[in-house]
Amino acid sequence: MPAIETDGLTKYYGDVRGVEDLSFSVREGEVFGFLGPNGAGKTTAIRTLMGFQSPTEGTATVLGADVRDAEALREARARVGFLPSEPGLDESVTGRRLIRYHGALRGDVRSEELLEVFDPPLDRKVREYSRGNKQMLAIVIAFMHDPDLVFMDEPTSGLDPLKQEELLEFIRAEQRRGKTFFFSSHILSEVRKVCDRVGIIRDGHLVELEDVESLLDRSGKLVRVRVGTDVDAEDLAIDGVHDVEVSGDGVEASGDVDDGPASGEGPDGATTVSFTYTGAYEPLLRRLLEFDLLDLSIEEAPLEDIFMRFYGEDPTERIGRVEGETGSNDENEVDQRTETADV
């Protein structure tokens, strides 16, 4: 039985689309990446799966419980952990008291172990915490009852680079123990490090569902060559070559293979050419060996390039459009406080 399964899951806020027709499943024991920029619908999907809001259409199950069945979902949520993007913690009490409170509600079998890794200042009031300390306290609360499934919404937010890496390593270790993760993020490097499969969401719709390595393989390789002669884009007009950039002599030009000449030659007579390649290696190498080849490097295309294909822009520059997905408003703050208290 899948840990999570959705069938046409849809959520609208009046006339505003949150998510629409989401259909996917998350296998037990996997780290499933839910990838998209702010405003794409990631948080809406999590809130609906957690039962914080009802779907407009469609349905989903979480650990076998229908999200429309409040009683069944309440029982299932005893085995679920949740780390929201903005933890709604009671700031008038100390971290130690919050841990005791949540332990009394849901059980505490791991807080001592967790506090050795994530070490917020427990005897200070939460209002005095930095953003990173609040996040570390929220991580302890999310895992202290040893859940089978954990929803994580932008989990490294506020953490310094060392703690970010410690959290990712902790997730990998928990997966080895059989835990399942629904890992929502727009930080592509961390998705690559921990996720087995990834669903890419755009404007509330699932536009890709693939394991990470296959997605990267299908996205091609970044090729950079230096040749001892003048070269233009048309010289590399073979299947699989895209986005050719040619530079030399301090001048750069670019184009696809169909865009016409783009050439340059450096002071030493060398020309540098870079492009994305999605074909087989043999025809590429045959073509490159026709030139005076000085240097060749082939690298995996980054996940950022995948984003560019789906969004046509830098995802970090997108402005969120769905209520509760970005910014700070009263509804968002109320929802976050409710999520932390009720899980």
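Modeller: Leu 296 sits in strand S15 (strands are DSSP runs of E, at least two residues, and helices runs of H or I, at least four, numbered from the N terminus). This is a predicted model, where local features need pLDDT of at least 70, side-chain atom pairs count only at pLDDT 80 or more, and totals for chains, interfaces and linings use all residues. Residues are numbered from 1 along each chain as its sequence is written, and side-chain values use heavy atoms, leaving out hydrogens and water.

Colleague: Is Leu 296 buried, exposed or in between?

Modeller: Leu 296 is partly exposed, at 32% relative accessible area. Buried means under 20%, exposed over 50%, and partly exposed in between (1.4 Å probe, protein chains only).

Colleague: Which secondary structure elements each give at least two residues to the nonpolar patch?

Modeller: Helix H9 (281-288) and strand S15 (293-300). S15 gives the largest share, three residues.

Colleague: New topic: where is His 145?

Modeller: His 145 is in the loop between helix H5 (131-143) and strand S7 (149-153).

Colleague: And is His 145 buried or exposed?

Modeller: Buried, with a relative accessible area of 11%.

Colleague: Which side chain does the His 145 side chain make a polar contact with?

Modeller: That of Arg 106, at 2.9 Å. A polar contact is a pair of N or O atoms within 3.5 Å; within protein, one must be able to donate a hydrogen and the other to accept it, and residues adjacent in sequence count only if both atoms are side-chain atoms. Also, the backbone oxygen of Val 80 lies 3.0 Å from a polar atom of the His 145 side chain.
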